[in-house]
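Have a look at the sequence and the 3D view first, and then we'll go through it piece by piece.

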Amino acid sequence: MKQILFISLLSLLAGALIYHILLPEKAENVQIIKNIVRDTVFQIEYREPILIEKAKPEIIYRSDTVFITQSFSAILDTVVKFDTVFVRYDFPEHLINLSVRHKADTNAIAEIIVENKVEESQSSWETVLIVIASTVIGFLLGKSSK
């Protein structure tokens, strides 16, 4: 009885040794999974408007002739490339009002995260089959050595 137990243990070890020599571990069952996560955040930045109110310009007379006219106001209110420009000139007070209002800036901040996961997929029936085959081979080698 002890001899059968010794032979079966020896055959099991020989089968495991043959298995590791002939069938090294394979890297075929390893799968690398790439997970790409994109996160985009939009930030709106408002800029302060440029305001010049009741500025007194320098007046340069080109002749000494005096013209008498009625008082008036010249106004320019327009949009230039999404920015609003307002200019007003008052005569005879010689006052200038200027306002430039900018469009709000929208900044997109993108963050990309790449995650690599390694998964080993080996089915359980393959492992059981390899253990049974190595046991049978070891047992047959042990019986043939008698």
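Is valine 80 buried, partly exposed or exposed? Valine 80 is partly exposed, with a relative accessible area of 45%. On this scale, buried means under 20% relative accessible area, exposed means over 50%, and partly exposed is in between, using a 1.4 Å probe and protein chains only. Valine 80 belongs to strand S3.

A word on the ground rules. This is a predicted model, where local features need pLDDT of at least 70, side-chain atom pairs count only at pLDDT 80 or more, and totals for chains, interfaces and linings use all residues. Residues are numbered from 1 along each chain as its sequence is written, and side-chain values use heavy atoms, with hydrogens and water left out.

**The overall layout**

The protein chain has 2 helices and 6 strands. Both kinds of element are DSSP runs, numbered from the N terminus: helices are H or I with at least four residues, and strands are E with at least two. Reading from the N terminus, you get the order α-β-β-β-β-β-β-α.

How much of the chain is buried? Of its 146 residues, 9% count as buried. The accessible surface of the chain is about 13,000 Å², and 61% of that belongs to carbon and sulfur atoms. These areas come from the Shrake-Rupley method with a 1.4 Å probe; for residues, only the protein chains shown count as cover.

Now for contacts, meaning heavy atoms within 4.5 Å. Take the contacts between residues at least 6 apart in sequence: 70% of them join residues at least 24 apart.

**Two salt bridges**

Side chains of opposite charge can pair when their charged atoms come close. A salt bridge here is a side-chain nitrogen of Lys or Arg within 4 Å of a carboxyl oxygen of Asp or Glu. The whole structure has 2 of them, and here they are:

| Salt bridge | Closest N and O atoms |
|---|---|
| Arginine 47 and aspartate 105 | 4.0 Å |
| Arginine 88 and aspartate 90 | 3.1 Å |

In the pair of arginine 47 and aspartate 105, arginine 47 sits in the loop between strand S1 (30-45) and strand S2 (50-55) and aspartate 105 in strand S6 (residues 105-120), so the pair ties together parts that are 58 residues apart in sequence. Arginine 47 is partly exposed at 43% relative accessibility, and aspartate 105 is partly exposed at 31%.

What about the other pair? Arginine 88 is partly exposed, with a relative accessible area of 31%, whereas aspartate 90 counts as buried at 13%.

**Rings**

A pair of aromatic rings is described by the distance of the centres and the angle of the planes. Rings of Phe, Tyr and Trp (its six-membered ring) pair if their centres lie within 6.5 Å; planes under 30 degrees apart count as stacked, over 60 as edge-to-face and the rest as tilted. The structure holds 2 aromatic pairs. In one of them, phenylalanine 72 and phenylalanine 91 have ring centres 5.1 Å apart and planes at 25°, so the pair is stacked. Phenylalanine 72 is in strand S3 (residues 72-80) and phenylalanine 91 in strand S4 (residues 83-91), so this pair ties together parts that are 19 residues apart in sequence. Ring pairs also bring Tyr89 into the picture, linking Phe72, Tyr89 and Phe91 into a cluster.

The peptide bond from phenylalanine 91 to proline 92 is cis, with omega near 10°. Proline 92 is in the loop between S4 and strand S5 (95-101).

Lysine 81 has a positive phi near 50° without being a glycine, and phenylalanine 82 has a positive phi of about 70°, though it isn't a glycine either. Lysine 81 is exposed, with a relative accessible area of 75%, and phenylalanine 82 is exposed too, at 63%.

Phenylalanine 82 has a charge over its ring: the charged end of lysine 103 sits there, 4.8 Å from the ring centre. The rule for this is NZ of Lys or CZ of Arg within 6 Å of the ring centre and within 35 degrees of the ring normal.
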